[in-house]
Amino acid sequence: MNELASIARADATTREWWRGAAIYQIYPRSFADSNGDGIGDLAGITAHLDHVASLGVDGVWLSPFFTSPMADFGYDVADYCDVDPIFGTLADFDALIARAHALGLRVIIDQVYSHTSDAHAWFTESRADRTNARADWYVWADAKPDGSPPTNWQSVFGGPAWTWDARRGQYYMHNFLSAQPQLNGHNPAVQDALLATARFWLDRGVDGFRIDAINFAMHDPEMRDNPPAPPSNGVRTRPFDFQLHVHNQSHPDIPGFLERVRDLTDRYGARFTVAEVGGPAPEAEMHAFTADQRRLNSAYGFNFLYADTLTPALVRDAVEQWPDTPGTGWPSWAFENHDAPRALSRWVGPEHREAFGRLKVLLLTCLRGNIFLYQGEELGLTQVDIPFDRLRDPEAIANWPLTLSRDGARTPMPWTADAPQLGFSTTEPWLPVGADHAALAVDRQEATADSLLALTRHLLHWRRASDALLTGTMRIVEAAGPLLVFEREVPGQRLLCVFNIGDGEIAWRPDQPERWRVIEQVNDVTDWCFGAFAALVAERA
């Protein structure tokens, strides 16, 4: 048994493995291409799992790899129980699971329960007529007397959330692309079918699920119009932004379905479930979806993913939504993912990226909850400017140039600085490599003792060894201006975490500073004087 596998097994004997876990997100199309077609695949992931394990994370989350026409790059599923040929085969998936488990890594996969592809066999049958066995597996409705859509609901990607289908003489609903018809989550048969697909992957050895867009899983059966959103000073790039989404999503019956999901995963033991819940004020739903140990284990917050700046107030407001009280769920945090611009390009200018990257990883490792790192975040990858003629993201194409392309965060992983396509592939990849990513490649940082990659590895292993960071309470001491101070504590260990999230100098010291022993720091800290983007963690003596 190797060292990482031993650590994972030892942790599991003293706590739920997922509580406080660090999870590494892999976007399969862009991680590693093993067969030279320019698209990443499962075999490529398996070949690079040593890198992931070396970081000190507890598991990986794989974005969709299921059979799909790829209208939304896998989030339009045509077969929940098979691998799309561009990614490989079920045998490739089984090999990935085996290798990950040998390295002590758990494997979390996406589940998309709110919609399918219009190429799914369920939808083909459902749209055939109004009397077939799956006629009500999707959300269908008659036109209004004037032929217009049943409601005023708008889709996330632009335009009405309804598309006319002549086969049935009705409209079908889609919260996203018209190629992603909405499942009727109220239908018990639909729920049964979705749970059967979850069982398929649990039987193959997966360790849990990240459940995509779960707050979109059920609609208002009364088909009431959404009210208009209040006036906004911001730029509205989509019709979706002009409404309050109270009837096309967020139905109060969703938690009941999640109890069925939890009942299933609990039968397999030591499994982890996390909800993706987007929207301007998602906390109430996140709490409902994770309440009382009867529903999902955690919810994945968007607080940082679309924030233009990182501030102490933002951190305070986010973490204080998750108090350590009975019945309250467990949070999960991410600074980056496949849907959001790279944080170093959002939060600081180029001149500060190196210093800020070091502060950012220390802050993430100190937060209470699970933490997710997106592939390349350990390298400090930046957002890539994709020209319009190379865009693949359907949302960006539809709303260009006002919507920032998700493609810029989905570019190929740079493995080898001097290799063609930075070692991702032997041919031109599906998206261009970043112009500045060669200098950040894995092999370059492997050769540098003080690289961001080296620091990330160190801090993730350090977090893994600290009960206070994994499961301890979190108390905000100060969050004013650029200064953020909080404590993490369990019986027998108390940590003080101090961050200067600014490019100026700050002096701050605790009461009785002599009783605090500095155990970690980044950037310039001298006698409790913090330079630009400097931070420390101290332990109470």
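Visitor: What makes strand 17 and strand 20 (residues 529–530) a pair?
Guide: Two strands pair if DSSP finds at least two bridges between them. Two bridges join strand 17 to strand 20, so the pair meets that rule, and the strands run antiparallel. I506 stands opposite F530 in strand 20. Strands here are DSSP runs of E with at least two residues, and helices are runs of H or I with at least four, numbered from the N terminus. This is a predicted model, in which local features need pLDDT of at least 70 and side-chain atom pairs count only at pLDDT 80 or more, while totals for chains, interfaces and linings use all residues. Residues are numbered from 1 along each chain as its sequence is written, and side-chain values use heavy atoms, with hydrogens and water left out.

Visitor: Why are strand 17 (506–507) and strand 19 (525–526) called edge strands?
Guide: The open sheet has three strands in the order 17-20-19, with antiparallel pairing. Strand 17 and strand 19 each pair on one side only, which makes them the edge strands.

Visitor: What pairs with strand 8?
Guide: Strand 6 (residues 140–141) pairs with strand 8 in the antiparallel sense over two bridges, and A141 has Y171 as its bridge partner. Strand 7 (residues 162–165) also pairs with strand 8 in the antiparallel sense, over four bridges. There, D165 has Q170 as its bridge partner. Strand 7 and strand 8 form a hairpin with four residues between them, and G169 in the turn has a positive phi of about 65°.

Visitor: How do you know that both faces of strand 8 (residues 170–173) are covered?
Guide: Q170 and Y172 on one side and Y171 and M173 on the other are all buried. Buried means under 20% relative accessible area, exposed means over 50%, and partly exposed lies in between (1.4 Å probe, protein chains only).

Visitor: Why is the contact of R342 with E336 called a salt bridge?
Guide: The term requires a side-chain nitrogen of Lys or Arg within 4 Å of a carboxyl oxygen of Asp or Glu. The closest N and O atoms of R342 and E336 are 2.8 Å apart, so the pair qualifies. R342 is buried, because its relative accessible area is 2%, and E336 is buried, also with 2%. By this rule the count comes to 38 salt bridges.

Visitor: What makes F388, I397 and W400 a patch?
Guide: Patches are made of residues with over 30% relative accessible area and no salt bridge; like charges are joined within 9 Å, and nonpolar side chains (Val, Leu, Ile, Met, Phe, Trp, Tyr) within 5 Å. F388, I397 and W400 make a nonpolar surface patch of about 320 Å². Areas come from the Shrake-Rupley method with a 1.4 Å probe; for residues, only the protein chains shown count as cover. W400 is in the loop between helix 12 (394–399) and helix 13 (442–446).

Visitor: How do you know that the protein chain is as compact as a globular protein of that length?
Guide: There are 15 helices and 21 strands in the protein chain. Its radius of gyration is 23 Å, close to the 24 Å that the globule rule gives for 541 residues, so the description holds. The radius is taken over C-alpha atoms, and the rule is 2.2 Å times the number of residues to the power 0.38.
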